[in-house]
Amino acid sequence: MSAHIYPPASPVGDNAGALLKKLAQYRQPRLGRSAFELFITLIPFAIFWTAACLSLTNSFWPGLIAILPASGFLLRLFMIQHDCGHGSFFARRGLDDWTGRLLGVLTLTPYDYWRRAHAAHHASAGNLDERGVGDITTLTIAEYRALSPIRRVGYRLYRHPVVMFGIGPAWLFLFKQRLPFGMMNSGALPWISTMVTNIAIVALAALMIWTVGLAAFLLIHLPVALLAGAAGVWLFYVQHQFEETHWSGGEDWRFPQAALHGASHYDLPPVLRWLTGNIGIHHVHHLSSRIPYYRLPEVLLDHPQLACIGRITLWDSLKCVRLVLWDDRGRRLVSFHDAAGRGACP
C-alpha cells in the first residue's frame, strides 16, 4: 500500500458533529420492517440447517453445502442481535433486550455481557488511551519495540491470520464468552446473562442431539457456528484495521471524528451487504449507532459524500491483514516490515 498523509481528504471536513445531528432523523426503526427482517433471517437459517442435517443422515454429501448459507444467515442473526444491543432494532428496550438474549443462544454470544463490552468499544474507538475493551489489540510501533522478545513473538502470533480468523473465533465463541471475565465491576447482570445463556445453549444442544444425533450435531452445527464466528471476527477486524483509520489520544481525540474516520465503509457486493446487515457502512454506524441497519443505505443515498470516507473494497480488505502496528508519525497502520524500515521513533 502506498503512503498517505493524515488526515485523509474528506468532503465532510470538520463538520462531523453537525452531521451527527442530521443523522437523528434516521434513528427511528419501522416495527413491521424489523419483524420482517427477523422472520426472513431466522426461517432460512432453520431451513438450511435442517437441509444440511437431512443430507448428512441420508448420506447425500453434496447437500452439506447448505452449511455455508446456514452460516451466512446465522451471521445475519448476529447482526440483528447487534442492533438489539444498540436499542435500534425495535427501539423498545425490553423487546430489543429479550430478542437479543434469545438470539444469543443461537449465536453463542451472551447478550448482556457482549452489550456492555460493545458499548465500551463504541465509546472509546480510536482512542489510544482507552484500548483494550471490545477491540482488536493494536500496538503502536514504539510500544511494540519496547516489548521483550518473547512478548513480540506473542503479539506476532496473535496478529497472524491463522490465529486471528481461525483459532481466535473458536476460542472466543466456544470458551471465552462462557465466562464474562473483565466484567467484575459491571454488576451481576453480565454474569447472570452469561450463565443463563450457557444453560440455554446446553439445553438447545441437547435437544438438537436428541433430534439428529451427536455426530450430525457436531458435523453440522459446529462448522456453522465457527464459520459464522470467523466471518464476524473478519468484519469487525477490517472495519477498524485499515490503513487510513483514525487513532489519537488525550485532548486530540474527538468522538465524531474518531467515529467517522476510525471505521471503514466496507463496500461489499450486494449479496454480502445484505447477509452482513449493512454493517459495512460502519463509519455511519459508529457516528450514530441508533440507526437500524436497514436504514443505513438511506443515509448514503441522502448524503453521498459519506460513501467515499474510509471506503475499502473486498479486494482492499484482503490487504489489510498485514497492517498490524500504528505509526504515530505517519498516522496510519503499517505492517511489521514497514515498521522495521522506519528507524527508531523519537
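Visitor: How much space lies in the largest cavity?
Guide: This is a predicted model, in which local features need pLDDT of at least 70, side-chain atom pairs count only at pLDDT 80 or more, and totals for chains, interfaces and linings use all residues. Residues are numbered from 1 along each chain as its sequence is written, and side-chain values use heavy atoms, with hydrogens and water left out. A cavity is a set of points on a 1 Å grid over the protein atoms alone where a 1.4 Å probe fits but cannot get out. With volume taken as the space filled by probe spheres set on the points, the largest cavity holds about 100 Å³.

Visitor: Which residues that line the largest cavity are the closest to its centre?
Guide: Lining residues have an atom within 4 Å of a point. Of the 13 in this lining, the closest to the centre are His121, Gly126, Asp135, His240 and Trp247.

Visitor: Why does the pair of Phe48 and Phe73 count as stacked?
Guide: Rings of Phe, Tyr and Trp (its six-membered ring) pair if their centres lie within 6.5 Å, and planes under 30 degrees apart count as stacked. The centres of Phe48 and Phe73 are 5.8 Å apart, and the pair is stacked because the planes stand at 20 degrees.

Visitor: Is Phe73 buried or exposed?
Guide: Buried means under 20% relative accessible area, exposed over 50%, and partly exposed in between (1.4 Å probe, protein chains only). Phe48, at 29%, is partly exposed. Phe73 has 11% relative accessibility, and therefore counts as buried.

Note on methods. On a 1 Å grid over the protein atoms alone, a cavity is a set of points where a 1.4 Å probe fits but cannot get out, and a pocket is an open set with protein on both sides within 12 Å along at least five of seven lines; lining residues have an atom within 4 Å of a point. Rings of Phe, Tyr and Trp (its six-membered ring) pair if their centres lie within 6.5 Å; planes under 30 degrees apart count as stacked, over 60 as edge-to-face and the rest as tilted.
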